[in-house]
Every structure is written in C-alpha cells, then in structure tokens.
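Here is a short briefing on one protein model and its ligand. Keep the structure open while reading.

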Amino acid sequence: MDYVERDLAHIWHPASQMKDYEDFPPIIIDHAKGVKLYDVDGNEYIDIISSWWCNILGHCNDEVSSALKEQVDKLDHVIFANYSHKGIIELAESLNRVTPENLTKFSFVDNGSSSVESALKMAFQYCQQNGKTEKKRFMCFTDAYHGETLGSLSVGALDDYSKVFEPIMLDTVKVEAPDCYRCPYGADRDSCSCECFEKAEECFEEYGDECCAMIIEPLVQGSAGMKIYPPLYLKKLRALCDKHDVLLIDDEIAMGYGRTGKFFAVDHAGISPDIMCISKGLTNGYMSMAAVATTEEIYNGFLGDYESHRAFMHSHTYAGNPLAASVANATLKIIERDHIIEKANEMAPWLNQKFHELFDDNPNVGEVRSVGLINAIELVEDKETKKAFDCSLRLGYRIYRKALERGLMLRPLGDVMYFNPPLVISKEELEEALDICKWAVGEVLDEIN
Ligand SMILES: *Cc1c(COP(=O)(O)O)cnc(C)c1O
C-alpha cells in the first residue's frame, strides 16, 4: 500500500473535511529546508504560510536543530512542579526581556489553546480571590479565534469551529470587532480615529462590571481572514479596560515573534496587557510549547498558605519541556542576533508594493492589506458593494488546489488568500510565490466568471 492509502486508512486530519480527501489526497511530505517542503514523489512546495504560521526561521534551521540534538541526550523531560532546569530559566529570562515591561512572571503549557485556557482561568481565579467575585464573564471580539478547546472556543466567534458547541459553551460578551475593509463609518484604517470604538464603549458600559477579562488578537484577527485594524484601537482598549477594571488578555500566539514587524503586535500601540499568550513562533515549529506571561500584581494575587486554595492549579504534563525550551532558546537567540525582524521589515514595503501591482486592477480583489510580511487579498464578487462570493463556490479552496499544481502552498482563509512566510524568505522566493499566486487566482476566477 502506498502512503496515501495507509494515511487515509487510519488518520483523521485536523481542520478539514475528510470527504474532500477522496479526490484530493494528503500530500506526504518527506523533508523540508528553509521555506521549501519536499514530498515523497519529489515535488517541492513553497511554504508561504510557515506551516500554520510557526516557522519564523524556515524549516530545519541548522542551529535550532543542533540545539535540539544537544539537549536530547542530556535531559528529555522532567516534572515541572517543584523541579526546574537551565533551559526554561534561560527562556523565562529572555521572554522577560522581550515582552512589555510589566510582564515579569511566566508559566508554560504545551500548545496555544491551552495557554488561552490558562489565561482565562488565571483572570477568573484572580478576580474570585481578590475581592471581585461579581466578575465572572469574559469579553471577546466578534470574528475572534483563540483556539479549539471548549474554553478557548467560547471566546472565539467563528462559526466553522464553534457553532455546533454553542449550547455547551461559556456565555461570553461579544464586542463588535473593527471591520476596516467594510467599515460601517466609511473611514480608512490608516487615518481614522477608530470611530467603531464606540461599540466597545457601549459593551463595557453595560457588561464591564460582570467581566473579569477581555481577550483579543492584537492588530490582526488572523483566522478571520487577516483582518487588520489600527494600533490606536489597542491604545483605547487598554484605557477602557483600566476604566472598568477588566483585565486585558493579549493573544499573541499568531502575531507575536515579529509577524507584524515588531516583536509583539501590542508594541505598535506601546501598551502592556495584563496577561499575554505566546506560542506558534516560540519554537519555530519544532516542538509544541506555549507561554503565559503576567504581572507581579496578578501573580501575587495567588500567594497564600496551602489551605487557602489560592494556588493556580493549571498544569499540563509536558509543561516546560526541556526539548521545547532548547529550540525556543535557539530560535529567540537567532531572531535577535541576526536582526531577523529588522531585515524582514526592510523587505516588507517591496512585497506590499508587488501585491498592489499584481492585484489592484483585478476586479475581484476587494482589498490588498498588509502588515509586516503578512499580505492578504480578499476576493469579492463585486468590488463596489464588497459582496462576497457564494461560499458554495469554494473559491479560496480551489485557488489553493490550483496553486499546489505549481508548487505553492497557499492555504486560504475562506476567500482570503494570504502570505505569512518565514521571515527569512528571499525576494527570489517571494517573486516565485507571487507569480504562482497570481496565476492560480487568475485561472480560478476565469473558471467562474
Ligand atoms: C493558533 C492560534 C491559537 C491556538 O493555538 P494551538 O496551538 O493551535 O492550540 C490561539 N490563538 C490564536 C490567535 C491562534 O492563531
């Protein structure tokens, strides 16, 4: 039996309809290097989405691999309650250096969703045991995505993931998120004063008293289709949270680690959250790990004698794993030493200009939007009305399949096609990816128009 048959015999893949696999089998990847993936049949693919947004430094970076190889014979794993190790101490110190100043305490879990669960529980428990017992709910944005466990789903709002679970989810308060492409105020994200912020103000006025925290994806709602909003919104939100004594949870899982051109997306607004979640870029795609950063104030709110039950009992077996710490340390070291983010920033205007050159005139490209090396095009049936295509056309999915024929891995978000490449990608690789992207978009639009 070949690999595809063996795969389909037993494997249930994530975030996809397995029925699709009947005429679109999984691509069996054999190895990877830099921005390229190579399959078992000898085909190569440009990984323009950094394999689910993780590989900041590209695949199989020699230095990161060496760090892992060195660690693997030394210490594989150790219980993280009452025990520690050099790698995780170094990582906490480094994260302390790169995160906003007031974030000084770091806990570790083993995936992004778990870090969101941890952040939500931390905020809730903090309020419960520090005299704010009426604060029992969470606020989040419409169109939000924070992961797929029940708690993190509850603060998300994308129907594909959460609709069916509505009857068993937490009852959260949804703040209407900024929607700059279809701005109801007719404003422009580059020059507006966040008129839409009044929606948040109304919500806080009504529900602020009963909410312990608001969780956000900073600057970009990634899974919703790379929906970018202005840093000013974050600034205003920080002030509003303070006014209503609501903690601000900053989910930097997708947008941290230089994705937006600064180390963390909140750095664009110069604000500090009360709790920050970090994952994806943290280990450059090598090992599963996430960190939850918080303040002295919140940390101190959990201190007490054992009988007080004030401790934070959120544990995961693989928390603080030494192998994951080793690759996280190597990744951060390279990002800083080699000025990876600064170099990506030098290339960003060029890439954005290319996107505009290639797509501005396309009658079905509603918007080209970008931040950092992230560039997205939103495809619409009608540019004037911004009317979306009928989702049964599965436009994005078809473009994705088309692009694969020429070796570009362009996994879409609905009808939004985007680049979120390793920050180390070269101009030549980007040019090749752009050519294929333009060709695939054109082919599929021709088919339906
Ligand atoms: C990916 C992601 C998560 C979930 O992380 P997992 O490791 O997939 O559980 C949470 N929040 C955001 C913003 C993400 O992009």
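With which side chain does the side chain of Lys227 make a polar contact? The partner is the side chain of Asp143, at 2.6 Å. This is a predicted model.

**Lys227**
- Lys227 sits in strand S9, which spans residues 227-228.
- Its relative accessible area is 14%. Lys227 therefore counts as buried, the cut-off being under 20%.
- Leaving out residues up to four places away in sequence, Lys227 touches Asp143, Pro178, Asp179, Leu219, Val220, Gln221 and Arg369.

**Ligand site**
- The residues around the ligand are Trp53, Asn111, Gly112, Ser113, Tyr145, His146, Gly147, Glu217, Asp251, Ile253, Ala254 and Lys280.
- By class, this shell holds four nonpolar, five polar and three charged residues.
- Gly112 places a backbone N or O atom 2.8 Å from a ligand oxygen.
- Asp251 has a polar side-chain atom 2.7 Å from a nitrogen atom of the ligand.
- Lys280 has a side-chain N or O atom 2.6 Å from a ligand oxygen.
- The ligand taken alone exposes 380 Å², and the protein buries 82% of that.

**Leu395**
- Leu395 belongs to helix H13, residues 395-405.
- Leu395 is buried, because its relative accessible area of 1% falls under the 20% cut-off.
- Its contacts, not counting residues up to four places away in sequence, are Leu379, Phe389, Asp415, Val444, Leu445 and Ile448.
- The C-alpha atoms of Leu395 and Gly414 are 7.7 Å apart, with the two residues separated by 19 positions along the chain.

**Cysteines**
- How many disulfides does a search of the whole structure find? The count is zero.
- Cys127 is in no disulfide, and the nearest cysteine sulfur, that of Cys212, lies 5.0 Å away.
- Cys127 is buried, at 2% relative accessibility.
- Cys241 is likewise in no disulfide; the nearest cysteine sulfur belongs to Cys211, at 9.9 Å.
- Cys241 is buried, with a relative accessible area of 0%.

Key
Residues are numbered from 1 along each chain as its sequence is written. This is a predicted model: local features need pLDDT of at least 70, side-chain atom pairs count only at pLDDT 80 or more; totals for chains, interfaces and linings use all residues. Side-chain values use heavy atoms; hydrogens and water are left out. Helices (H or I, at least four residues) and strands (E, at least two) are DSSP runs, numbered from the N terminus. Buried means under 20% relative accessible area, exposed over 50%, partly exposed in between (1.4 Å probe, protein chains only). Contact means heavy atoms within 4.5 Å. A residue is near a molecule or strand if one of its heavy atoms lies within 4 Å of it. A polar contact is a pair of N or O atoms within 3.5 Å; within protein, one must be able to donate a hydrogen and the other to accept it, and residues adjacent in sequence count only if both atoms are side-chain atoms. Accessible areas come from the Shrake-Rupley method with a 1.4 Å probe; for residues, only the protein chains shown count as cover. Ala, Val, Leu, Ile, Met, Phe, Trp, Tyr, Cys and Pro count as nonpolar, Asp, Glu, Lys and Arg as charged, and the others, Gly among them, as polar. A disulfide is a pair of cysteine sulfur atoms within 2.5 Å.
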